[in-house]
Amino acid sequence: MREILYLQAINEALAEEMSRDETVFIIGESVQGSTFNTTVGLVQRFGPDRVMDAPISENGIAGAAVGAATAGYRPVADLMFGDFIYCCMDEVLLKAAQWHMLHAEKVNVPLVFKAAIGGYSGLCNEHSRCPEAVVLHHPGLKLVLPSDPYDAKGLLKTAIRDNNPVCYFYHKQLLPMTGEVPEEEYTIPFGVADVKREGTDVTVVATSFQVSLALGVAAEMEGKVSVEVIDPRTLEPLDLDTILESVRKTGRVIVLDEDTLRCGIGAEIGMQIMENAFDFLDAPVKRVGAANMPIPGGVLEKTCLPQPQDLANAITDLLGMDRFELAVQTAGVKLL
Amino acid sequence: MRFKKKDLVRLYRNLVRARKFDQAAIRLLGEGKFTSFFHAAYGGEAPGVGGTTFLRQDDYIYAHHRGHGIPHAAGKGADLFSFMAEHCGKITGSCKGITGFHACDPEYGMLGAGGTIGSAFPVSVGWGLAAQKAGKGQVAVCFFGDSSAGRGTMHEGMNMAANWRLPVVWVCENNGMGQFVPIKDAYPLEDIASMAAAYGMPGVVVDGQDVVAVAEAVMAAVERARKGKGPSLVECKCLRFRPHVEGAPDWVHAEVRPAEEIERLKKRDPVTLYRKKLLKQGILTEKELEKIDGEIDAEVQEMERFCETGAYPDPSILQNALYAD
Ligand SMILES: Cc1ncc(C[n+]2csc(CCOP(=O)(O)OP(=O)(O)O)c2C)c(N)n1
Ligand SMILES: [Mg+2]
């Protein structure tokens, strides 16, 4: 099968959906040129009316997407960095998320908030965040976190077709990742987890870039520990069944997440596991996430964000084994 | 404000410092010595330098992100060495290497910085409020880009400052671009200064490549603010010779900005223009200018040694850093 980049997979999904449905359009800052190369070439194909370079107006962009979506269009609001979602929380968390239910289901909000998330390149707290828990804490928004090119494409196509607001967060560290993506059209349904690696000793639940991190650690520990890596792919809806099935098999689970540990994905998924599979657990659920602080830049970043060695330590601690030194203990490449 | 010879010389020195430190930053980033990114000021140093050189040490400034505030810090007299060391991620940096790019020099009225566009406006209102309450005649000068004016926070900030007649001066550095988008495609009028009318404050447009013109206009607004007459908006039409961020393509929408276009812009280099002016007016001789340039070259070398020799911070510095005692 042909291999393409993660960023190309995103680009293809946008192009295909824009050709398929003329109500789809992109609105965002510098999307005709493209900050992360995901919208490259689209303005030449679809014109500036469907690939709209907006002013630096996050509230305007997100709010316009809500308005256009309620009036029959399918906007993809490109918020550039995931961190900029903080500038337009009202539109995202209070307008998009609540509109359908509070208006007695008379109006739909079919839109995508697309943003590049994640750290590991030393850009500090306002260009590194993973605002997953914030989104998840406001029911009404679907949340998609692709971890490879295949998922990036299939999930974005589903996101654009969904009749609800979807946060589609792609990870900056994954942009240059290559992977097999078929030429033929496909979509990936929401709420279906993918077992990225099978194992028997411990389950690691991770999304986005953390899947790569977990797979790397699992490969290096092969022969000593058999690690199963589960990628829920969408956190809302969440495929709890696949997670529970794995936990029933391994009896031990770590939730690995790049967002801040406190009140994070680990707390939520960990609790759901306890509520639903407590009897199958041989040890308490463990969480690995970002330290409870603003993400520092520079060399201090790695003390905050989860590193491969942190996961390896969590695994050996959970299994009561001696610590295992990884060859490469930290993750990430500098972006600019 | 009438500038004396020594003022004009100081302005030159600060402008050249801004230029040479910004150039050094571009080089250091290229050499992989920066831990973060860099948005060069090259070509657009005059608004930051002209807008700060004659401020009081206790005036507040919110620097614009071009040069990450090197021109503004240079004009304000803040410590450029620690600012550069911050970019190198060293413990000797202005934020001990915790941010990798924020200036913070409270002694010089630089109380911090941010990475989200538009955050400057409301925070500057707070500095204006503090200045008004303190009653010592301080002002807050907020520097922002043309395209930053698209943020709703600008409206909130400008309205609050005007409504309460706060001593805030808004300085727009209009380089015609916001990342890949020309301002003409992001705002329907010619001048950002025309926004001032909406808040009943003066709005003027100056040649942002002319550092003296900037200094005159900003200081007029500053004097007005010090007298309790409220905020003003000064728009400086300036230029950007580098891509938006180092290492990224230099696009205008989806097209690469032509090299000839940049060469054409370089004919209006603010340093060259000011040198010519000083020579023509007989304020400084070629030799005197070269002496200043040489001194700053030496300062840049010293700065690089300072950055090089500093240690990287130990993670333990974060242990009790989240809250004040
Ligand atoms: C809230 C927010 N939106 C977008 C960005 C990304 N960004 C950083 S600088 C910039 C362009 C700013 O343009 P302008 O205000 O004209 O300043 P210039 O860089 O041209 O000096 C953009 C879009 C950001 N940092 N924060
Ligand atoms: Mg600009």
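**Stop 1**

Select K142(A), which is partly exposed at a relative accessible area of 22%. Here, buried means under 20% relative accessible area, exposed means over 50%, and partly exposed lies in between, using a 1.4 Å probe and protein chains only. This is a predicted model, where local features need pLDDT of at least 70, side-chain atom pairs count only at pLDDT 80 or more, and totals for chains, interfaces and linings use all residues. Residues are numbered from 1 along each chain as its sequence is written, chains are lettered from A and ligands numbered from 1 in the order in which they are written, and side-chain values use heavy atoms, with hydrogens and water left out.

K142(A) forms a salt bridge with D162(A), and their closest N and O atoms are 3.0 Å apart. The pair links distant parts of the chain, 20 residues apart: K142(A) sits in strand 6 (residues 142–144) of chain A, and D162(A) in the loop between helix 6 (149–161) and strand 7 (166–171) of chain A. A salt bridge here is a side-chain nitrogen of Lys or Arg within 4 Å of a carboxyl oxygen of Asp or Glu. Helices (H or I, at least four residues) and strands (E, at least two) are DSSP runs, numbered from the N terminus. D162(A) is buried, with a relative accessible area of 12%.

**Stop 2: E185 and K157, chain A**

Select E185(A) and K157(A). They form a salt bridge, with the closest N and O atoms 2.5 Å apart. E185(A) lies in the loop between strand 8 (178–180) and strand 9 (194–197) of chain A and K157(A) in helix 6 of chain A, so the pair ties together parts 28 residues apart in sequence. E185(A) is exposed at 52%. K157(A) is buried at 0%.

Over all chains, a search of the whole structure finds 45 salt bridges.

**Stop 3: strand 2, chain A**

Select residues 24–28 of chain A. This is strand 2, and five of its five residues are buried. V24(A), I26(A) and G28(A) point one way, while F25(A) and I27(A) point the other. In a regular strand the side chains alternate between the two faces of the sheet.

Show the partner strands next. Strand 2 of chain A runs parallel to strand 4 (residues 74–81) of chain A, joined by five bridges. Strand 2 also pairs with strand 3 (residues 51–53) of chain A, in the parallel sense over three bridges. Two strands pair if DSSP finds at least two bridges between them. Centre on I27(A): A77(A) stands opposite in strand 4 of chain A, and M52(A) stands opposite in strand 3 of chain A.

**Stop 4: R275 and E286, chain B**

Move to chain B. R275(B) forms a salt bridge with E286(B), the closest N and O atoms being 2.6 Å apart. R275(B) is in helix 9 (residues 270–280) of chain B and E286(B) in helix 10 (residues 286–309) of chain B, eleven residues apart. R275(B) is buried at 16%, whereas E286(B) is partly exposed at 39%.

**Stop 5: the magnesium ion, ligand 2**

Which residues coordinate the magnesium ion (ligand 2)? D146(B) (OD), N175(B) (OD1) and M177(B) (O) do, at 1.9 to 2.2 Å. Donors are N, O and S atoms within 2.8 Å of the metal (3.2 Å for Na, K and Ca); water is not among the atoms, so sites may look incomplete. The donor residues are spaced D-x28-N-x1-M in sequence. D146(B) is buried at 1%, and N175(B) is buried at 12%.
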